[in-house]
Amino acid sequence: MSHRPSSGLAAVSTALLAMSRHLEVRDVLKTIVASARELLDAEYAALGVPDDHGGFAQFVVDGVSDEQWRAIGPLPRQHGILASMLHKAEPERLADVRQDPRFEGWPDAHPEMSDFLGLPVRDGDEILGALFLANKRCPRPGGGCGFTEEDEELLGILAQHAAIALTNARLYERSRELTIAEERSRLAHELHDAVSQKLFSLRLTAQAAAALVDRDPARAKGELQQVAALAAEAADELRAAVVELRPAALDEDGLVHTLRTQIQVLDRAHTARVVFDSQGVRALPAAQEEAVLRVAQEALHNALRHADARLVTVSLSRAGHGARLAVADDGKGFDPGTVRSAGRHLGLVSMRDRASAVGGRLTVTSAPGEGTTIEMEVPGG
């Protein structure tokens, strides 16, 4: 990146075009932050999106590595000057944020920041988020630097267009959710009509066979053969419905993005922290991607509902031509042998079946008090 301020119509145009290319909210947030940092030549940039409790539902940063961010840890629910900007629709331009009375310090791993520029991203009276920049990179001979009034005006233009891009992305996601809901409703009606008819015929035929067993075994045998045929047809109907219920996001966004999005939702919805990491994963055959997603969902459900975990980590990495999924939690753990003998599988049988069906393998490592790790490896196409 250049260490000179990016100015002029060309730089502004580049930033605005970059924001308009994306439809997913997370992608739009990341693009806004990167564009603001590039445009104003700042060392750090961030964008916080409010939740309903005075804190941040999402917080996207640029200029801080993933390793640094993990070391910093989660943001407090109320975070000094940053959170205060979610309640007041005014820009903040400070020569040294550390001198502001609202400054509450930061974790040891947090980078040092001084000059600060913050601006709300608004849609009418609604504050969609707050955009922050720190450490403008324009060293002067006498030392010191800072954001200017011109920077504030430029960031204001960017924030206005960011509000449009973010609103459009939210509308797109809402539209897609409604489309998925409508499709699932349609499938539910079809499933009810087709399978319920098969099951009704199956029940009547089984009753007829039972009545004929003693007085006409030959006819009873024929009825039982019909039972088997009807059961096979019902199974086919169910399989067809399951295929149609493949998550739409997988087809549109791929496995990594779909998994990341779902984990972000779980992280916000549960008290446990849920984190995701992905490294060099290639696209997999559709059946394998769905199997990996379903196993991840089942493992996450177990960790969040049954394990009393404080931290759940999900990693997806490349393994030869395929991929390796690992879901680990620091919960109470269990004895896999005891669970099997007690008839409580915690979805383990289903997960193993899914892995086996796509040529993969699943391993479970757990012990009481030592958490649980579920790993799945698929060979790829």
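Me: What makes strand 3 and strand 4 a pair?

Reply: Two strands count as paired if DSSP finds at least two bridges between them. Strand 3 (residues 92–94) and strand 4 have three, in the antiparallel sense, so they qualify under that definition. Glu92, for instance, stands opposite Gly118 in strand 4. By the way, this is a predicted model, where local features need pLDDT of at least 70 and side-chain atom pairs count only at pLDDT 80 or more, while totals for chains, interfaces and linings use all residues. Residues are numbered from 1 along each chain as its sequence is written, and side-chain values use heavy atoms, with hydrogens and water left out.

Me: What joins strand 4 to strand 5?

Reply: Eight bridges, again antiparallel, with strand 5 covering residues 126–136. Pro120 stands opposite Ala130 in strand 5. The two strands form a hairpin with two residues between them, and Gly124 in the turn has a positive phi of about 65°.

Me: Why is strand 4 called largely enclosed?

Reply: Buried means under 20% relative accessible area, exposed means over 50%, and partly exposed is in between (1.4 Å probe, protein chains only). Six of the eight residues of strand 4 (residues 116–123) are buried, so the rest of the structure largely encloses this strand.

Me: Why does Asn135 count as buried?

Reply: Its relative accessibility is 9%, so Asn135 falls under the 20% limit. Asn135 sits in strand 5 and has a positive phi of about 60° although it is not a glycine. Most residues other than glycine have a negative phi.

Me: Is Asp308 buried or exposed?

Reply: Exposed: its relative accessible area is 58%, over the 50% limit. Asp308 lies in the loop between helix 8 and strand 7, and its phi is also positive, near 55°.

Me: What makes a set of residues a nonpolar core?

Reply: They must be buried Ala, Val, Leu, Ile, Met, Phe, Trp, Tyr or Cys residues joined through side-chain atoms within 4.5 Å. The largest such core has 36 residues, and those with the most contacts inside it include Leu259, Val312 and Met376. Among the elements that each supply at least two residues are helix 7 (248–269), helix 8 (286–305) and strand 7 (311–319). Helix 8 gives the largest share, nine residues. A second, separate core of 31 residues includes Ile32, Val60, Leu128 and Leu131.

Me: What is Leu259 in contact with?

Reply: Contact means heavy atoms within 4.5 Å. Leaving aside neighbours within four places in sequence, Leu259 touches Phe276, Leu293, Ala296, Val314, Leu316 and Leu325.

Me: Why are strand 6 and strand 9 said to stand at the edges?

Reply: They belong to an open sheet of five strands, in the order 6-7-8-10-9, with mixed pairing. Strand 6 and strand 9 each have a single partner strand, so one side of each is left without a neighbour in the sheet. For strand 9, six bridges join it to strand 10, and these two run antiparallel. Arg361 stands opposite Glu377 in strand 10.

Me: How do you know that the buried residues of helix 10 line one face?

Reply: The buried residues are Leu348, Met351 and Ala355. Seen down the axis of helix 10, they fall within an arc of 65°, so they line one face of the helix. That arc is taken from the directions from the helix axis to the C-beta atoms. On the other side of helix 10, Ser356 and Ala357 are exposed. What covers the buried residues includes helix 8, strand 9 and strand 10.

Technical notes
Helices (H or I, at least four residues) and strands (E, at least two) are DSSP runs, numbered from the N terminus.
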